[in-house]
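Visitor: I am new to this structure. Could you walk me through a few features?

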Amino acid sequence: MKNLRYFLVCFLVFACKQTKELPKQISAIADVTQYVNPFVGTSKMGHVFPGATAPFGMVQLSPQTNFERLHKADGTYNGTTYEYCAGYQYRDSTIIGFAHTNFSGTGHSDLGDILMMPTTGKLVLDPLQTERGEKGFYSTFSHDKETASPGYYSVALDSYPIEVALTASDRVGMHQYTFTQASEAHIVLDMVYNIYHYDNKNVWTSIRVENDSLITGYRQTKGWARDKKVFFAIAFSKPFKSYGHKKYDKVLYDGFYRRFQQEENFPEMAGKDLRAYFNFDVDKNEQIQVKVALSSVSTAGAIRNMEAEIPHWNFQQVAQETKDKWQSELAKIQVETIEEEDKTTFYTAMYHASLSPIIYEDVDGQYRGLDQNIHQSDGFINYTIFSLWDTYRALHPLLNITQPQRNNDMIKSMLAHQEQSVHKMLPIWSHYANENWCMIGYHATSVIADAMAKDVGDFDLQQALDASTTTATVRYFEGIGDYIDLGYVPEDRSHSSVSKTLEYAYNDWCIAQMAKKVGDSTAYKTYMQRSTNYKNVYDVDIGFMRPKLANGSFRTNFDPLDTHGQGFIEGNAWNYGLYVPQDIPNMVDIMGGKARMTQQLDSLFTMEIADKYIAHHEDITRDGIIGNYVHGNEPGHHIPYLYNWTGHPEKTQERVRMILNSMYGPNVDGLCGNDDAGQMSAWYIFSSLGFYPVTPGSSYYALGSPAVVEAQLQLQNGNTLKILAKNQSKTHVYVKQVSLNGKVLPNHQVKHQELMQGGELVFEMSDTAGN
């Protein structure tokens, strides 16, 4: 990766050549969906999908371009699986079908449920290759015959005379297959396929043929979520003439079902691994439409969802209604940018930041809880997919501005999770009524504290505090017992000990802020004391956070550059060691003061890191690295703003604008790493607007350097916040002064409540630092 100086020179020189006028001011709400490119980030490690979905929708109906198993034939990990966390890679030229559940931007995966593929000609039931070595039911395709926009996806299948169009409501996916030649057609329902597939991942699949145009069923899997159930109802616009299925698992006992010829035209299908098919005769240019409704509760719930959301067969109506939903969400922030293509980057980031968490309840409010019982939401909409180690940093703070009511519902969903948890813990990383225990920290506390600090929501504050303190005292969870007893997590007893200590200390500060809000002075004192535990893993002799052993000594074998096995998770001491967002001034002091910290930050952005130091991590790649600074992963997202605390805000401004220009873009490779359920995109949105939540749980944002010329935020309280960057250009990255409603803002920060009152936030830009 080229160093900082090269990046700065490149984009400044390029910008100097631009002479065209800046865009006109915002005058009316435009169709901003036109600027969204769902293919951004589908190349390499963005791990996003291009298919059709509604904002925060339960259905993510998207093409799957390969079927990679989690393990190789010898049982070792298959690293290629990681590339298909969202089921799609832009480099591929094959499609094996269209699945109805997909994560967006994650670094581990699951889902890929209910894969459907239309075919013609001879019936083939294997996706890639048959047992005889013949072609599977996949189709080749080309990107010039593929389109995607919010709520819509289409592609021509080159191996068949079929054109596919997809759209979705909140809980229902809708397919439209146009057969350009008369033929015998098949719709394959592949219930073997899933993402991160391994032998025995599929626990059970059951399908009922209710009549000649409606089937219902469910699938249970044991993957990242170890007990996931997806119920579905599938309706066809045309009756099928025949149907059948094939099992791919060995049936040891089938009871008296052995009396029947079950493989063809038998209305029950059941097994661990099976593929079903439905046969049709089609005329030239005939269309068959399919509606697939999902539920976590039951097939009856799926049918109710279908009847409530898409009771008709008007594909264009559904596509337009979902586009309108996207317009409503995306237009909450209207921007004018220096270059027109920057709008694509911005609104695609807005789009990606609105894909999860997802609605996880039926239209009647019923949902499957963490205890696997059926619950009824009361006063909130239930959500799932909480990638909290990622999203507490910027996504949930962004929702407190653009989606406060939705974030309120998400917090209530987290509190319901805690009530249903046998551990009595808030979610760590949860999806589909399961805790998957991924990553570290208890960052639901951050989401809750941030909402409380910003006066968002009507959730029970005392319940939230109690849920947080209960979570923070589960001694058997990831070294918490030692953390409570010793004041740090010892490396010889728990991996990633420094990262855990730093994040627990921050989480404890968040709990202290809740306690202060509620008026619990005892809890406030306890958790403020715990929030200083970061000091216990700082080695003043070497100037880095360092793993400490249970006997109180620092580990001797330690390399602050290495991202593997050095006490940090997905990071090194140079990056992760700067994670004390709750007490930045003191962190700067103990690390040598402002001048020393400025030098360390400068070195971080300009030094080179050797390949050997990042070789063991899928989540850290050259695409997301500048010097030794890793923007392609979350632990360092606050780092560019730390210069504000060292007396050099102009360096924050330089770094932020450089990252915006070099790490994001409007093309398929426009994400420098996993989007991580919207966190990477949320960083872009905040930073483009000129401020960032360095310390979630505080009511203040750190000021940076906006990339927009102008922005208007339509706030949920009815107010409008206008952001103006005066004298803006590609070269004018420095900020002379910032004012809010005519009042100059001191200390390079702005308060959330002041922004929510609306008015004008004005940045006066310059091409010279300090002027």
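Guide: Start with the terms: helices (H or I, at least four residues) and strands (E, at least two) are DSSP runs, numbered from the N terminus. This is a predicted model, where local features need pLDDT of at least 70, side-chain atom pairs count only at pLDDT 80 or more, and totals for chains, interfaces and linings use all residues. Residues are numbered from 1 along each chain as its sequence is written, and side-chain values use heavy atoms, with hydrogens and water left out.

Visitor: Where is Leu-111 placed?

Guide: Leu-111 lies in the loop between strand 4 (97-99) and strand 5 (115-120). Its phi is positive, about 70°, although Leu-111 is not a glycine.

Visitor: Is Leu-111 buried or exposed?

Guide: Buried means under 20% relative accessible area, exposed over 50%, partly exposed in between (1.4 Å probe, protein chains only). Leu-111 has 1% relative accessibility, so it counts as buried. Lys-44 also has a positive phi, near 60°. Lys-44 counts as partly exposed because its relative accessibility is 45%. Its loop runs between helix 1 (4-16) and strand 1 (52-53).

Visitor: Which residues does a cis peptide bond join?

Guide: Ser-356 and Pro-357, with omega about -5°. Pro-357 sits in the loop between helix 4 (341-352) and strand 20 (358-359).

Visitor: Which residues of helix 9 are buried?

Guide: Helix 9 spans residues 461-471, and its buried residues include Ala-464, Leu-465 and Ala-467. The buried residues pack against several helices, among them helix 7 (404-420) and helix 11 (497-518).

Note on methods:
Contact means heavy atoms within 4.5 Å.
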